[in-house]
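I set out below what I looked up in this structure, entry by entry. The sequence and model come first.

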Amino acid sequence: MARTPDLERRQELLDRIVVYLAENGLAQATLRPMAAALDVSINRLVHHFGAKEELITAALNRAIEQQLDVQRAWMRRAPNMTVVEFYRRWWKWMNAKPDHLALVRLNYEAAALDPSVTGLTGAVRADQIGVWRHEIEERLLAEGVPPERVEVEAGLTKATFSGLIMDLIATGDRKRLTTACEEWLGRLSVMIRTHAEPPPAEALTSVSADHRH
């Protein structure tokens, strides 16, 4: 079904709001300066999005959707992409353009800022991280990591990558962090292979022997 003109205007405005927040951050975000920068009235912002908290939530959801669109394009071209290559592509993408990293930073800022600053609920803040962790759980399962290990390994994987991103945002030291990222991806690959590979033949023989007694 085609969008109505009002929905099209809302979508176009929402994309501009995402850019504005990515460039200016959430800590000082208020409707009046935002409206002035976007050359729209406050009434128009309220008409489309409601209160400031609702507007920011819509923008954060849109920022995630934009990143998922990038990811979907990769998966269409390489449907069997491994977890390691998945993270390698994300690292390269974030470092390719300042606005890419700014988009990612927006979600991390929303998760990290005190809710008294942003007005965001705990669920909204958790979603900024949780959506990616759940994605990794599915990918690790597909690569053979046992279900009982998936939640822990996905949490560690996401936490490590988040740490690299936060370091990059804070320091801008791409060379050092790219080296660290590649080292971590090597270790991640080993973890996946270790859990996914069947036990050695001698171990199976030993287990069979034990069961005969």
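In which helix is the place of Val 19? I found Val 19 in helix α1, residues 5-24. I took helices as DSSP runs of H or I of at least four residues, and strands as runs of E of at least two, numbered from the N terminus.

Before going further, I recorded that the model is predicted, that local features need pLDDT of at least 70 and side-chain atom pairs pLDDT 80 or more, and that totals for chains, interfaces and linings use all residues. Residues are numbered from 1 along each chain as its sequence is written, and side-chain values use heavy atoms, with hydrogens and water left out.

**Entry: Val 19**
I looked up the accessibility of Val 19 and noted it as partly exposed, at 44% relative accessibility. The cut-offs I used are under 20% relative accessible area for buried, over 50% for exposed and in between for partly exposed, with a 1.4 Å probe and protein chains only.

**Entry: the whole chain**
I counted eleven helices and zero strands in the protein chain. Of its 213 residues, 42% count as buried. Among contacts (heavy atoms within 4.5 Å) with a separation of 6 or more, 64% join residues 24 or more positions apart.

**Entry: helix α6 and its partners**
I first examined α6 (residues 98-112) against α8 (residues 122-142), and found that their axes come within 8 Å and cross at roughly 135°. That angle makes α6 oblique to α8. Axes here are lines fitted to C-alpha atoms, for helices over the stretch in contact, and angles run from 0 to 180 degrees between N-to-C directions. Under 35 degrees counts as roughly parallel, over 145 as roughly antiparallel, 65 to 115 as roughly perpendicular, and the rest as oblique.

On the α6 side I listed Asn 107, Tyr 108, Ala 110, Ala 111 and Ala 112, which meet Arg 125, Gln 128 and Ile 129 of α8. By class, these residues are five nonpolar, two polar and one charged. I counted Ala, Val, Leu, Ile, Met, Phe, Trp, Tyr, Cys and Pro as nonpolar, Asp, Glu, Lys and Arg as charged, and the others, Gly among them, as polar.

I next turned to α4 and α6, whose axes are 10 Å apart at an angle of about 135°. Here too the angle makes α4 oblique to α6. Leu 60, Ala 63, Ile 64, Gln 66 and Gln 67 of α4 meet Leu 103, Val 104, Leu 106, Asn 107 and Ala 110 of α6. This contact has seven nonpolar, three polar and no charged residues.

**Entry: His 48**
I located His 48 in helix α3, residues 42-49. His 48 is buried, with a relative accessible area of 10%. Leaving aside neighbours within four places in sequence, I noted contacts of His 48 with Asp 6, Arg 9, Arg 10 and Leu 13.

**Entry: Asp 39**
Most residues other than glycine have a negative phi. Asp 39 sits in the loop between α2 (31-38) and α3, and at 70% relative accessibility Asp 39 counts as exposed.
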